[in-house]
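Thanks for making time this morning. I would like to walk you through one model, starting with a helix and ending with a sheet.

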Amino acid sequence: MKSGVRLKLLRRTLRERRALAQLVREIKVPRLQPEGQMEDTKTIDLVASLVMACPNLEKLLGFYSTYNHCFDRLTYALSTRSRLKEHVWIIGDNAAITERSLKQLPPGLMDTRQAQDFLYFHNLWQSLSTLFLCSQKQGILERDVFVQALHLLPALQHLCISSFDVDDFDDATLQSLPSLQSLRLQDLEGITFWGLSEFSRTKSARCIKRLSLVNLDITYLSAISNLFLHLKDLNRFTLVQESSPENAAGDLVFQPVVASQRLQHLHWDILISGSANQNLASSIQAGGFPNLRTIRAPSDHDGLLQWVCRPRAQIVQASDKYSKAYRADDGGNPGSLGRTLFDARKLAQQRIEDARASPRFRFVIEEDGVVHEDFDIQGYMGTVGSQIAYNLDSDTQGSDSALIDFPDLLSGTKEVAPRDGCTGMWNASHPAGKKWWNHTERFRYRSVDLSRFF
């Protein structure tokens, strides 16, 4: 079959059966181009016509085209779906904006029409609860447009903002966010520890239950402490960065340094060793996290966080032997720590084995001066009685990365590789032969739930 034939057949069915089209809430569109190639205009227009055939559409899955501040039918079609509940903006570069950036400084790189068009797309999204905004290839979305667009969405609860530069999203923009339940800030140069501390005191931050800070390079631990202090409903927190946030010089340090009464799940991944892991471990031991139930720490230097969790007999998984990191492992430096879960589980298991090699307790049963039994109990890595589980599982099944990221959402490799998908062979016995049953082969679709990003 030619590319897109099945989509055209589906579109025809939905157009002919209006009652059926009104029942459609989600559409999964297969990726028709290999990863790294842009979807062509014909494909985008075909998907747009499919969206227009479903008046009550809530989600478009698996197909996220780039918006470069030029009109395209898919963006317009989605803007007319008043019941849409989630949308992913991939903001690409625009030639006119790039040319203006060579002659002037922001703001004002987007012209009036580009700003108005972008805001117009949000007017009917009164039910939109999940929004992703990601800059790709120097895509620009200026501060005022950010703020106005977000405040046009009364039902917005879950927001992810990624990869915008300091002129588009900074501390001032952060203070203007609406009230949210989930927030993920990733690769934003304009966000500082001071901005995060101020944001924690705003009314819009009080309702946040899930907060993810990815690659923001937070300098001081006080910013995280303020977030825990003021976000009373926070139950899930993610911190990923290379440098270790430290206590400011001259600050008095009292235990617990960081504390949260309601936090239940913590992802703590600081690549370069510093005092942050020690401060967190000490805070947990001091009772700063009474409701904490799970810690995921891929970069757990010296096992400080593993020690405050309840002991585990085994943490490596049978599937680790299929990991790319396993095949690349040469058995060299056993203390090296990367960001792959294979490395993290390998070192965590090694700490378990080392602790097990040394007896923790010795029991001697003696009666009337005669020793009847004498045996040792092996050691363990962890704290007996702790309510915290030490978790090194991935957000994405089969991935070596702990945290789900945009490549997991946008990658289409699994959909164009002809191995494990439908090949049409079930109908190969048809008298019409190969022309009847043969079609494009692709992997089974593995959905990516946007809620995993928070």
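Predicted model: local features only at pLDDT ≥ 70, side-chain atom pairs only at ≥ 80, totals over all residues.

Helix 11, residues 276–285, is mostly covered, with eight of its ten residues buried, where buried means under 20% relative accessible area with a 1.4 Å probe and protein chains only, and where helices are DSSP runs of H or I of at least four residues and strands are E runs of at least two, numbered from the N terminus. Residues are numbered from 1 along each chain as its sequence is written, and side-chain values use heavy atoms, with hydrogens and water left out.

The buried residues of helix 11 include Asn277, Leu280 and Ile284, and among the elements covering them are helix 10, strand 10 and strand 11. Just after the helix, Gly287 takes a positive phi of about 85 degrees.

Strand 11, residues 294–296, contains Arg296, which counts as buried because its relative accessibility is 10%. Beyond its neighbours within four places in sequence, Arg296 is in contact (heavy atoms within 4.5 Å) with residues including Trp268, Asp393 and Leu403. A polar atom of the Arg296 side chain lies 2.8 Å from the backbone oxygen of Asp393.

Finally, the sheet is open, with ten strands in the order 3-4-5-6-7-8-9-10-11-14 and parallel pairing, two strands being paired if DSSP finds at least two bridges between them. Strands 3 and 14 stand at the edges with a single partner strand each, so one side of each is left without a neighbour in the sheet.

Definitions and conventions
Buried < 20%, exposed > 50% of the residue type's maximum accessible area, 1.4 Å probe, protein only. Polar contact = N/O pair within 3.5 Å; in protein donor to acceptor, adjacent residues only side chain to side chain.
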